[in-house]
Amino acid sequence: MRAYERFIQYVQVHTASAEDLSKTPTTQRQFDLSRLLAKEMESMGMEGVYVDEHAYTYGFLPATPGFEKKPCIGLIAHLDTIPDFSGENVKPTLVPNYDGGVVPLGESGRTLDPAQFPHLKKLIGHTLITTDGTTVLGADDKAGIAEIMTACERVITERLPHGRIAVCFSPDEEVGHGAELLDIEAFGADFAYTVDGEEINEVNCETFNAAGAAFEVKGFNIHPGMAKDQMINAALVAMEINALLPAAERPEHTEDHEGFYHLTEMSGTVEKAELHYIIRDHDAASFGAREKTLRQIEKFINEKYGEGTAKLSIRQQYRNMIEKLDGHMEIVELAEKAIRAAGLEPVRVPIRGGTDGAQLSYRGLLCPNIGTGGYCCHGPHEHISVENMDKMTEILLHLIRLNLE
C-alpha cells in the first residue's frame, strides 16, 4: 500500500484535540485512530504493539540478526489535528496531474491559487490531495503517520536490513503537550525523528521557546452618569495592555528567527476582561525579556489602577531544541544524508512553531524534525501531493539504511 492510500483513510478519522489540558488525551476520539493503527501494525508484523491509557500508540521492529548493536532509531508522528478548525467529515479530493492553475476547493468558494501559494509551481505534474474547503486536511500530521507506516511495511515485506526501529504515534501535539507522557524508557530509542514538517528536504533542529500568557482584568462598574474618577472599564484596560506591546512584534510582521507576541483570544465587559497570548522566540535571552515585558505591564497597570486590577499568568510550553541538539549534530546530519540519497538537497530551517521533538529533546531523547510534504497546515487550504508522500517514504527508508553504517 502506498502512503497516500493510508493517508486518505486516516484523515477521515476525526481526531481534533482540545484546549483542556487537565487530561491526556484531551479528546477520547483520538483513541479511534490509535486503535486502528495498532491493528494495522500488528497485521503487518510489528511486535510489542500496544495503546496505553493516554492514547500513545507503540510498535517495534526488532533488529535484523547481526545488527542488534546498531542504534535504535525512533520515528514519531502525532494523532491529533488542531482544535480550532474543523477536522470532522474530512473529504479528501485528488487532483491528478496538477496543471499549475487555480484549484477550486469543493463548493466552498475557496481555492488554491498559485498567486497566493507560489510553491504550487513546484507541484505541477503531481497528484494533489486537497480539502473541500470546509475542514483541515489532516496532513499535519496524518501524513507523517502514513509515511512511517508505509516505510515500516516496506522494511518488513522487502526484508530490508535494519537496526531496531521504535514507532510512536502521540496525542495532543497541537495543544503543546503531546510528548509529555511518552514513555521514553519503554520506547527505547537512542535518538528519534518527528515526521511533522513541511518540505521533504527540510530538517528542523531549532524551534521557538514557547509560553502561553493570560491577563485577567478586574474592573469597577458604576452607573456611567456617576463614573467620573471611579469607573475602571476592564475592557478598555485590556485594550491598553495590548497597546503597550510592540506592534512590530506580532506574527504578521515577523519572520525567520524573529520572535513575537500573538493575541489569540480576548473578551471583555466593564467588570471583567481577559487576554490570551502565545509568546515565541528562538533566542532564550530574548524570550526571557518578553516574559519580563509582560510582568512590567502587569505592574504598571496595577500601579495605575490599583492592586489586583491585572493578574498575569504564564505557562511554559516548550524550549528551543537546539540547546540540546547542539553537540550532537550527527543526528541531524544523518537525516541530511538520507535526503541526499533520495536525490534532494537538504536545508536546515528553524521552525516558527514547535514539535514533540522539542520537549522530547529536553526529556533526554534527542529528536529533530523532518518533513511530510504537506503545505498550509491548520486551515482549509491544507494540501499535499502523492509524489511528495512517496518521496518522504523513500527518505525514511534511506534513514533506516544509513543508520547501519
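Analyst: A residue is called buried when its relative accessible area is under 20%, exposed when it is over 50%, and partly exposed in between, with a 1.4 Å probe and the protein chains only. Strands (E, at least two residues) and helices (H or I, at least four) are DSSP runs, numbered from the N terminus. The model is predicted, so local features need pLDDT of at least 70 and side-chain atom pairs count only at pLDDT 80 or more, whereas totals for chains, interfaces and linings use all residues. Residues are numbered from 1 along each chain as its sequence is written, and side-chain values use heavy atoms, with hydrogens and water left out.

Strands of a sheet pair through backbone hydrogen bonds, either parallel or antiparallel, and two strands are taken as paired if DSSP finds at least two bridges between them. Strand β3 runs parallel to β8 (residues 165–170), to which 6 bridges join it, and His78 has Ser170 of β8 as its bridge partner. Strand β3 is also joined by 4 bridges to β9 (residues 191–195), again in parallel, with Gly74 standing opposite Ala192.

The buried residues of α1 are Ala3, Tyr4, Arg6, Phe7, Ile8 and Tyr10. They pack, with contact meaning heavy atoms within 4.5 Å, against α2 (30–44), β4 (93–95), β7 (128–130), α3 (139–157), β18 (383–385) and α10 (386–402).

Another part to consider is an open sheet of 4 strands in the order β12-β13-β11-β14, with antiparallel pairing. Its edge strands, β12 (260–268) and β14 (310–318), each pair on one side only. From one strand to the next the twist averages 15 degrees, where axes are lines fitted to C-alpha atoms (for helices over the stretch in contact) and angles run from 0 to 180 degrees between N-to-C directions. Between β12 and β13 (residues 272–281) there are 8 bridges, and Gly268 stands opposite Ala273. Helix α5 (residues 234–243) lies across β11, β12, β13 and β14 at about 15 degrees to β13. Helix α6 (residues 284–305) packs on the sheet too, touching β11, β12, β13 and β14, and its direction makes about 165 degrees with that of β14.

Within this sheet, Glu216 belongs to β11 (residues 209–218). Glu216 counts as partly exposed because its relative accessibility is 41%. Leaving aside neighbours within four places in sequence, Glu216 is in contact with Ala273, Glu274, Thr309, Ala310 and Lys311. The C-alpha atoms of Glu216 and Gly306, which are 90 residues apart along the chain, are separated by 14 Å.
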